[in-house]
Amino acid sequence: MFNILPLIAAGAADKLGFSASQAGGLSSALTVASGLSALLAGIWVRSLSWRHAAGLALGGMCVSLLTAFGVHGYWLFVSLQAAAAFFGSAAFSLGMTIVSDGHESARSFGVAISAQAAYQIAALWAGPLLLRGSGLNGVLLLLAVPAGLAILGARVLPAHGRVLPPASRGSLFRPAMLLAFAGFSLFFVGAGAYWTYIELLGQAQGITRTLIADCVALSVAAGIPGGLLAAAQGSRFGRLPPLVLSGALMVVAALLLRSAGGALVFGAAGVLYYFAWCYSLTYQFSLVNAVDVTGRAVALTGACAFFGSAGGAALAAVFVAPTGYRAVVWIAGLAACFSVAAYALASALHKRGGAAR
């Protein structure tokens, strides 16, 4: 739900008459519910039956969305969307945990992230047409139908994941693990600032809204080859070198936004940033999974992403000025650098701990 949040918020404002502040409240409710769900997933993801948990999460998401059909009251609609986001985030946390148990998790993460980007593109493309034709219900169906169909696949999931070592309790608070979480959160601080203000950055350069929309759509599409490249590459070059490369690409993308080079440079910056985004996420998940011995850290990364994005948007809001958005560029670039540094420290500490044992 988070991936097409702008579409849901715009639909609520257009079709249900929500004010701008109410649409913002809807966005905040979905983000907080998703983040809390990811936090709780760290508790149950290795103890509950995966088949039952998947059915409950997907079923809860589907029922919440379908119940919202025809609902116009603000608080009831927001509550139902928050419930759907909560269940959807639980399903995502479980899904990525299942992927993390694979033999070559880096490749599987790359495919999963590319598929997510492809769905996001399809939903953002079809959403406006559905809004005009069938109202907000059509957008909700974009989420409810796949969730309902996916329940059928829950029965083929393994009941549980890999067997965990006896010493896994409490190790989520090891320094290496905390640094990995910090790297994930810092990455999304930059991403949250970047994507919150990307349209305003374009407008400040005199680019039309139509061109900005086209550039953003092209940028999102660039995430698919980013994830697929990581899937094809796997762990051939390790985990840290690809993270360094993607961090450098993000810094270059942020600097391009400072050049005020028009729509062409603006579009190139977006393509470069989102390509690096999806390429990087593959190895971030893989590194978190490698550092973790509890089997629960991948499920918790969703909380890092949601709260990091919210923090990045809030941080940028403090420093941006009506005359320019240079602070967004600095936040996006520095966050990418700090994220890579945190992962490098996490990897070094993990290797040192393994050598000590």
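Is the crossing of helix 3 and helix 6 left-handed or right-handed? Hi everyone, let's find out together. Please keep in mind that this is a predicted model.

A quick word on how to look at pairs of helices. Two packed helices are described by the angle between their axes and the distance between those axes.

Let's start with the pair I asked about. Helix 3 covers residues 50-67 and helix 6 covers residues 136-151; they pack at about 150 degrees, with axes 8 Å apart. Angles over 145 degrees count as roughly antiparallel, so helix 3 and helix 6 are roughly antiparallel to each other. And here is the answer: the crossing of helix 3 and helix 6 is left-handed. If you want to find the contact yourself, look on helix 3 for G55, L58, G59, M61, C62, L65 and L66. Their partners on helix 6 are L140, L141, L143, A144, A147, G148, A150 and I151. Sorted by class, this contact has 12 nonpolar residues, three polar ones and no charged ones.

Now turn to helix 5, residues 105-134, and its contact with helix 1, residues 5-15. Their axes are 11 Å apart, and the angle is about 10 degrees. Angles under 35 degrees count as roughly parallel, which is why helix 1 and helix 5 are described as roughly parallel to each other. From helix 1, the residues L7, G11 and K15 meet A123, L124, G127, P128, L131 and R132 of helix 5. Here the classes are five nonpolar, two polar and two charged residues.

Helix 5 also packs against helix 11: their axes come within 9 Å and cross at roughly 140 degrees. That makes helix 5 oblique to helix 11. This crossing is right-handed. Among the residues in the contact are F109 and I113 from helix 5, and Y274 and L281 from helix 11. By class, the contact of helix 5 with helix 11 has eight nonpolar and six polar residues, with no charged residue.

Last stop: empty space. Rolling a probe the size of a water molecule over the atoms shows where such space is left. How many cavities of 30 Å³ or more are there? The count comes to one. The largest cavity holds about 50 Å³ of space. Its lining is made by F187, L243, S246, G247, M250, S280, Q284, A336, S339, V340 and Y343. Helix 10 (240-258), helix 11 (263-291) and helix 13 (326-356) are the elements that each give two or more residues to this lining. The lining has six nonpolar and five polar residues, and no charged ones.

Note on methods:
Residues are numbered from 1 along each chain as its sequence is written. This is a predicted model: local features need pLDDT of at least 70, side-chain atom pairs count only at pLDDT 80 or more; totals for chains, interfaces and linings use all residues. Side-chain values use heavy atoms; hydrogens and water are left out. Axes are lines fitted to C-alpha atoms, for helices over the stretch in contact, and angles run from 0 to 180 degrees between N-to-C directions. Helices (H or I, at least four residues) and strands (E, at least two) are DSSP runs, numbered from the N terminus. Angles under 35 degrees count as roughly parallel, over 145 as roughly antiparallel, 65 to 115 as roughly perpendicular and the rest as oblique. Contact means heavy atoms within 4.5 Å. Ala, Val, Leu, Ile, Met, Phe, Trp, Tyr, Cys and Pro count as nonpolar, Asp, Glu, Lys and Arg as charged, and the others, Gly among them, as polar. On a 1 Å grid over the protein atoms alone, a cavity is a set of points where a 1.4 Å probe fits but cannot get out, and a pocket is an open set with protein on both sides within 12 Å along at least five of seven lines; lining residues have an atom within 4 Å of a point. Grid points are joined across faces, edges and corners, and a volume is the space filled by probe spheres set on the points. A crossing is left-handed if the near helix is turned anticlockwise from the far one by less than a right angle, and right-handed if clockwise.
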